[in-house]
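Morning, everyone. Let me walk you through one structure. Please look at the display first.

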Amino acid sequence: MMPNPLHASHYPDAALHQRVNIVENVRIAQATYRLRFACPELAARILPGQFLMLRLERNDPLIGRAFALYQTVLSETGEPWGIDVVYLVKGKFTRELVNCPPGQSLMVWGPLGNGFPADPIEHLVLVAGGIGQTPFLPLAAEFLGKRRYGQPARTVPPARRVSLCYGARTADLLAGVEDFQALGVELHLATDDGSRGHPGLVPDVLRPLLERPELPLRVVACGPEVMLQAVAKLTSTWGVSCQVSLETPMACGIGICFSCVTRVKDDRGDWDWKRTCVEGPVFDARRIAW
Ligand SMILES: Cc1cc2nc3c(=O)[nH]c(=O)nc-3n(C[C@H](O)[C@H](O)[C@H](O)COP(=O)(O)OP(=O)(O)OC[C@H]3O[C@@H](n4cnc5c(N)ncnc54)[C@H](O)[C@@H]3O)c2cc1C
Ligand code: FES
């Protein structure tokens with residue numbers, strides 16, 4: 001059969017739609033929780049940078065919300081059986097989610113989105129602001145040769161260094177730092193109020209890595225748009241490749257509603273609307289018409 005040029009292998013034709021049971025819902029930082037649920041098929045297939053839609057089985061809030069894969073959970077024999085997502089309590093959905101106990105069911109659909117590519121690089125630099133660290137733990141694990149993802153599991157040539165530049169308003173909001181530390185990720189933290197790490201913004205801790213690169217590097221960023229714009233500008237100044245994972249609000253997650261569109265430039269510099277849920281959420285930073 002002829003390949004369809006308007007279709008990509010990660011499009012949600014084969015996404016799973018399941019009722020799953022919550023196993024854990026625990027606080028890991030200020031207003032930040034790790035939700036664990038059992039879903040072996042989904043856990044076996046999902047790639048770093050892909051996301052899931054979660055929906056509570058009630059009419060309000062009616063629509064689901066997108067959450068990045070934080071980590072897959074393995075059995076004693078190394079089989080993926082569950083998924084962790086990490087969420088910040090922010091509005092309607094997350095204020096309800098925080099009160100959901102183990103045993104309660106949720107609707108989940110995924111894996112969704114393109115995810116991060118597995119292109120080899122010697123130094124992978126992850127840049128996160130706010131709750132933007134959530135897609136990076138599996139990517140770091142993969143590039144450090146500690147975990148494999150996908151069905152069949154994809155192969156990623158190990159990086160020599162993986163760094164995380166991570167900024168938040170205050171130390172209590174930095175969530176999951178110890179998970180990155182346990183993997184062997186080099187940390188560069190920043191807080192607006194100076195309560196942990198560099199007092200200031202996350203681009204401040206990224207800049208020295210770009211100015212004095214010891215190895216060929218690639219930047220991957222996720223967080224508030226203003227931070228992504230600053231990171232895109234910095235990396236472009238230093239001629240460093242940069243991918244951004246966008247957190248555009250989404251309603252369906254599967255390409256139908258067009259609530260998630262963003263302006264993406266083509267080779268000629270013209271732009272068109274692209275759906276973040278199917279053409280993204282990961283884009284080359286140079287392509288985004290900020
Ligand atoms: C691909 C993707 C991955 C995501 N991964 C995570 C994750 O791992 N952890 C996590 O906590 N959140 C993540 N989000 C955001 C999440 O989907 C919800 O938007 C967020 O949890 C707020 O939902 P809520 O119902 O609690 O708040 P709402 O009641 O929907 O909104 C509260 C306020 O936030 C604004 N808002 C809503 N959604 C967004 C958004 N995406 N960006 C900016 N402002 C917004 C609203 O306008 C409103 O002012 C992700 C989003 C996307 C698209
Ligand atoms: S969220 Fe519906 S098209 Fe992207």
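Two strands pair if DSSP finds at least two bridges between them. Strands (E, at least two residues) and helices (H or I, at least four) are DSSP runs, numbered from the N terminus. The model is predicted, so local features need pLDDT of at least 70, side-chain atom pairs count only at pLDDT 80 or more, and totals for chains, interfaces and linings use all residues. Residues are numbered from 1 along each chain as its sequence is written, with chains lettered from A and ligands numbered from 1 in the order written.

Now the sheet. It is open, with 7 strands ordered E11-E10-E9-E8-E12-E13-E16. The pairing is mixed. At the edges sit strand E11 (198-199) and strand E16 (282-284), each pairing on one side only. E11 pairs with strand E10 (186-191) in the parallel sense, over 2 bridges. Thr191 has Pro199 of E11 as its bridge partner.

Next, helix H6, residues 225-237. Just after H6, Gly239 takes a positive phi of about 65°.

Last, ligand 1. Its shell divides into 13 nonpolar, 4 polar and 4 charged residues. Nonpolar means Ala, Val, Leu, Ile, Met, Phe, Trp, Tyr, Cys and Pro; charged means Asp, Glu, Lys and Arg; the others, Gly among them, are polar.
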